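Please read it with the structure in view.

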Amino acid sequence: MKPILLKSNKIEIPFQDANGDVVLTLWFDKGDEPLKKLEKEFEKIKETQKELEIVGDDDFESSFDKSKESIKQAADVLFGIGSFEKLYDLNPSISIVADYVYQIAIGIKEELESETLKDVENKYLK
């Protein structure tokens, strides 16, 4: 029997500057617990993005602080403690960091679905 090649349990998430240089790399663990957390945090991230879009002048500060804490929690849960600060250092804007985290979550979901399809194709179509 051929040896079974172990699959990587991490998804690399590089951030590039305008010159194409990688300035930050985050990692997502594809284990069962992180995947459960991804689903839970994904819904929170979508809700936070909506809140950021409709914040009025009267409640700006409290909504901003709540949104920042929510995105911080999501980033740190999904990519490790300190991830939010690293992203915020690159772009000190909560709405931009929220977009990053949302885009990453979508990208992870798409990559996981793609891997599943590739596995099926390799097993049955080749």
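1. Start with accessibility terms. Buried means under 20% relative accessible area, exposed means over 50%, and partly exposed lies in between (1.4 Å probe, protein chains only). At 22%, Tyr102 is partly exposed.

2. A word on the basis. The model is predicted: local features need pLDDT of at least 70, side-chain atom pairs count only at pLDDT 80 or more, and totals for chains, interfaces and linings use all residues. Residues are numbered from 1 along each chain as its sequence is written, and side-chain values use heavy atoms, leaving out hydrogens and water.

3. Rings of Phe, Tyr and Trp (its six-membered ring) pair if their centres lie within 6.5 Å; planes under 30 degrees apart are stacked, over 60 edge-to-face, the rest tilted. The count is 3 aromatic pairs. One of them joins Phe15 and Tyr100 edge-to-face, with centres 5.4 Å apart and 70° between the planes. Phe15 belongs to strand β1 (residues 10–16) and Tyr100 to helix α4 (residues 94–124), so this pair ties together parts 85 residues apart in sequence. Helices (H or I, at least four residues) and strands (E, at least two) are DSSP runs, numbered from the N terminus. Phe15 is buried at 12%; Tyr100 is partly exposed at 21%.

4. Phe42 and Tyr102 are stacked: 5.4 Å centre to centre, 10° between planes. Phe42 sits in helix α1 (residues 32–53) and Tyr102 in helix α4, so the pair links parts 60 residues apart in sequence. Phe42 is buried, at 7%.

5. Phe42 also has Lys109 over its face, 4.3 Å from the ring centre. The rule: NZ of Lys or CZ of Arg within 6 Å of the ring centre and within 35 degrees of the ring normal. Lys68 lies over the face of Tyr88, at 4.4 Å.
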